[in-house]
Amino acid sequence: MQRRSREVAEQFVKPNDRLTSFERLQIYNQQYWWRLLGSIREDFRGTLAVLGERKFERLAVAYLESFGSQSWNLRDLGQGLEAYAREHPEATAPHTALALDMIRVEWARVIAFDGPEKPRLNPQRLGGNAEKLRVGLQPYVTLLELTYPIDKMLARMRKRAMESSSNAVSASTARRTLRLTSQPESQPVHIAVHRVDLIVYYKRLEAPAYRLLVALRDGHTLSDACAAAFGDDVPEDAPAQIQGWFATWMRLGWLTR
């Protein structure tokens, strides 16, 4: 097999005075592999902090060996990591639930950073028949229901990273591996991962607002989406709440047609 590889390498790679064609190809292959691992590490720094260096590296290697790169764009490299982690819970145990939440948020961050944007909804279009009107959500906005306060954990990680880069922190502290841990919240955490001026944000949502946005995203009419927000328990100030939510979402540019 190696002989065959050497023969193929000689057809495409020129040797030099120090390395054979096969040896030069091996170097390129190793550099490419480290580039993939580095990309996964950069996109999932929170997951790394949850699992620790060794366990994260084993997860990343196993994932890449199973899926490899499916796109010319390194941005897409981690798109199957959540599915792989769900199929192989032993790879993230004993922090599987927390790791899955973190992976979902970090992949949503990738989408939010450079996902496509559609023309924003004209506010005047909201004045139509709500029973027929359909309002969409920007492709770069991801709605998530989580068990753990991942947004707060990532904020804590950024703060620690900033502190470790300051002159006030010793070199030994800066080299120490950052670890993240958390207890699950008593109620589901609803967030929207989005961007404003090329900066990614995590916005918490009230449960009814989350349900309304999910319904809009899934193609329901505005009328049905508003009904899904509260179900059978509609508060007296529901119209005011919905009006306030839409004012915020329009300002952020989340809504489209």
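With which residue does Glu 106 form a salt bridge? The partner is Arg 109, and the closest N and O atoms are 3.3 Å apart. This is a predicted model, in which local features need pLDDT of at least 70, side-chain atom pairs count only at pLDDT 80 or more, and totals for chains, interfaces and linings use all residues. Residues are numbered from 1 along each chain as its sequence is written, and side-chain values use heavy atoms, with hydrogens and water left out.

**Salt bridges in the whole structure**
- A search of the whole structure finds 11 salt bridges, each defined as a side-chain nitrogen of Lys or Arg within 4 Å of a carboxyl oxygen of Asp or Glu.

**The pair in helix α6**
- Glu 106 and Arg 109 both lie in helix α6, 3 residues apart, about one turn of the helix; helices (H or I, at least four residues) are DSSP runs, numbered from the N terminus.
- Glu 106 is buried at 0% relative accessibility, and Arg 109 is buried at 17%, where buried means under 20% relative accessible area, exposed over 50%, and partly exposed in between (1.4 Å probe, protein chains only).

**The network at Arg 75**
- Salt bridges that share partners join Arg 75, Asp 76 and Asp 114 into one network.
- Arg 75 forms a salt bridge with Asp 76, with the closest N and O atoms 2.9 Å apart.
- Arg 75 also meets Asp 114 in a salt bridge, at 2.9 Å from N to O.
- Asp 76 is buried at 17% relative accessibility, whereas Arg 75 is partly exposed at 23% and Asp 114 is partly exposed at 39%.

Notes
Helices (H or I, at least four residues) and strands (E, at least two) are DSSP runs, numbered from the N terminus.
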